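Visitor: I'd like to learn how to read a protein model. Could you walk me through it?

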Amino acid sequence: MALDTDDRDGMDDSDRLAKEKRLSAYRTRWFVTTAESPRIRRPADVITVIAGALLILLGVLGANQVSGLEDSVTRLLFSLPNWGHSLFRLAYAIGALYAIFLLGIAVFNRTARRAVLRDLLAALVLAGLFAVLLVRWVEAEWPALFPEFSSAEPSTQFPVFRVVMVTAILAVAAPHLIRPLRRLGWGVIALITISGIGLGYGYTSDAMGGIGLGLAAAGSVLLLLGSPRGYPDTEEVAAALADLGVTARGLRIARDQYWGARFLLADGPNGQLLAIKAYGRDATDSQFFAKLWRSIWFRDTGPALSYSRLHGVEHEALITLLAARQRVSTVQIVAAGEPGEEVALLVVEQTGRPVTDLGPDHVSDAALASVWADVARLHDASIAHGRLSASNVYLNADEHVLTDFSSGSFAAPDIRIQSDVSELLFTLATVVGVERATKSALEGLGHQKLMEALPYLQLPSVSARSRNEADDPKQLIADLQQEASRLTDTEPPEPAQVRRVSTRQIVMTALMLVAAYALISMLVDLDWVAVWNQLQDANWGWVVVAFIVGQAVFIFEATAMMAAVGDPLPFRPVLVLQVVSKYIGLAIPGVAGRVTTNTAFLRKFGVAPAKAVTQGALDSLSGFLVEATILVLVLVFGDLTIDVDSGDQDWGLIMAIVLVVIISGVLVVRRVQKVHDKVMPVLKDVRGTFKSLFESPQRTLNLLGSNIAARLVLAVTLALILIALHSPIGVATALVVVVLTNLLAGLAPVPGGIGVAEAVLTAGLVAVGVDDNTAFAAAVVYRMITSYIPSAVGWFAVKWEEARGYL
């Protein structure tokens, strides 16, 4: 799409040659790094190091033993005909040649040659050093550098040296390379891994350990030195502008840069200022999974999630045009499109200066009121801006325009609309003060809209970038709440209190733990010496793996909470909140502590109190349904046998007692007025929440799926612990024991399930055939991994949440 552009068909041959010359400036490049490209430390590099470390650990654990799967894979590759082995040798050599090729073009390429070459050499040295050390430690020999030229019979090594070196070079080069070469590199890594196994240079664990070491070395270098963002340079943008038919002079990089694109400025043919947003093909921010991660992790602090560069440009242009149709003052779009494979552009005419660059004396009350009136029109059309800070409001005298609709959405939910109001009110207050910002909001929005936004006026509703611009964000929010409440004549929202864990409670918890373990030892007739010997003889490598796997349960608990709420929440604080709940559980037994904490957290995001309370009940009930279903399915359809002496219990009598209790409870609620008045409103809220949940199949599946995944993670953790203690059981068996433990331990009013969970878990493991001492040792390690260590970390998690205004 292009508006107000020159006629492209009017180009003469010299113009076309000039444009082709400009386009060739970036079409023939290998590397994206330029002198003007910023370097950052990315979360992806941290994940690369962690993934590499896990692969190394798994490789070390399997280095001196061959599993049935590894043997099957090796036999399959060895059974290929001779031409297959010839292809393996060719692919193994091509992998090395491709890595050498990248080193060569890094030496002779003129684009940021030093930075690329430095990163490659650093990864090469680091990976090579640790590869030599690992081979010497595990195999007691030197690594085979060029085994294909050796006349000796091939022998396996951990790690496979060629895989280590090629992976390190290609992984550290990936952020520097244009996207086609980046993708080719990962294909080469997969190719040499399979070839190395097929040629007998290592088993699957040896090759995966090599990939892990290469990734860890590359990720460490990128974390230390930073990764290039791969933004398009001015030459690329100038060529793309010419291809769109936009006349632009004096192209320059803008002072303020934000995540997701490169921002540039230029002068138009009539002297107007052009603002250009460039999405590069090779920019790491433009990759789909990078945008997906950021949209989940930070919620609305970046561009809307899009599947391509062109999609992102078209989305922003569409929201801008829709806003203009509602008589909202927006920037004028000059051009939007993707003229080539490398860059997508959005070009707008920019007038005035952002409010944040102006002093309070240069911002009139009339201008503020007109801004809020535009916001009201925008929201009346169910359009949310998504990043409505004062920096995206440009003023020219008393005239204004709204810019940057990259995070905008139409048919927006109420929470996004109210977040717009919170963001703009907060950022305007940093410029013109609390009184003027709030008064202008009342004048432009009206009494009703400002009153509706008041519950959402919380610190978490404000982006981190805007919070950083305030001297005291918490106090500013409090002042805004007070002033808005005064102007609308309403009470400010009551802060939900979180019950604190005192030193006395920690001491009492420790004493309860000691007493519980002493009681368990008497009931089960434990031999503490035998338990200690079990722990000493454990394979602690598997315990470490179990610990890492066990922490994944917090991910699925967080996604379950988000599904139960239904409103958009940032994933990071929700994830940390699950660790906080472990800590709070030391003070409040059962689900009460979790519900209290979640309610306080959700109210900070403007979630209604009734919905915040029923979320906990909804999550807990869905968890109970999942656990009961798992238990029935495994016991009925599985081949699991549990050795439990049922004794002479009269199960008919027990069921009759349960039925009488249920009927009595229903009668009390219906007949006793005081109980009826307290219970029925809560039940109505719960019914409404369940109704809204089941009206959305996606939410229902997310909630149930997250609860299932959480139980599976705990089952795998327990199974890994028993592998470490040399008493393996199946995952299905571990799942039944975990589910039984959750169901029975949750009934006891004991903080954190201390002692009760250990007793139930020990009894469950004994019932499935694990000896007493091993069962108790496994229960202790399991509880340390899933409860006690996270509870200790929970203290720091509470401080983190409080510092950011989430609690």
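Guide: Below we take cores, rings, a helix and one aspartate in turn.

Guide: This is a predicted model, where local features need pLDDT of at least 70 and side-chain atom pairs count only at pLDDT 80 or more, while totals for chains, interfaces and linings use all residues. Residues are numbered from 1 along each chain as its sequence is written, and side-chain values use heavy atoms, with hydrogens and water left out.

Visitor: Which residues have the most contacts inside the largest nonpolar core?

Guide: In soluble globular proteins, nonpolar side chains tend to be buried together. A nonpolar core is a set of buried Ala, Val, Leu, Ile, Met, Phe, Trp, Tyr and Cys residues joined through side-chain atoms within 4.5 Å. Buried means under 20% relative accessible area, exposed over 50%, and partly exposed in between, using a 1.4 Å probe and protein chains only. Here the largest core has 63 residues, and Phe601, Leu718, Ile721 and Leu765 have the most contacts inside it. Helix 27 (residues 697-724) gives the largest share, 10 residues; helices are DSSP runs of H or I, at least four residues, numbered from the N terminus. A second, separate core holds 42 residues, including Trp372 and Leu425.

Visitor: What does Phe601 touch beyond its neighbours within four places in sequence?

Guide: Contact means heavy atoms within 4.5 Å. For Phe601, the partners include Met561, Leu577, Tyr806 and Leu807. Phe601 also forms an aromatic cluster with Trp800 and Tyr806.

Visitor: How many aromatic pairs are there in the whole structure?

Guide: Rings of Phe, Tyr and Trp (its six-membered ring) pair if their centres lie within 6.5 Å; planes under 30 degrees apart are stacked, over 60 edge-to-face, and the rest tilted. The search finds 5. Take Trp795 and Phe796: their ring centres are 5.0 Å apart and their planes at 90°, so this pair is edge-to-face. Trp795 is partly exposed at 40%, whereas Phe796 is exposed at 55%.

Visitor: Is helix 6 mostly covered or exposed?

Guide: Covered: 13 of its 13 residues are buried.

Visitor: And where does Asp414 sit?

Guide: Asp414 belongs to helix 13 (residues 414-432) and is partly exposed, at 41% relative accessible area. A polar contact is a pair of N or O atoms within 3.5 Å; within protein, one must be able to donate a hydrogen and the other to accept it, and residues adjacent in sequence count only if both atoms are side-chain atoms. The Asp414 side chain makes one with the side chain of Tyr456, at 3.2 Å.

Methods: Helix = DSSP H or I, 4+ residues; strand = E, 2+ residues; numbered from the N terminus.
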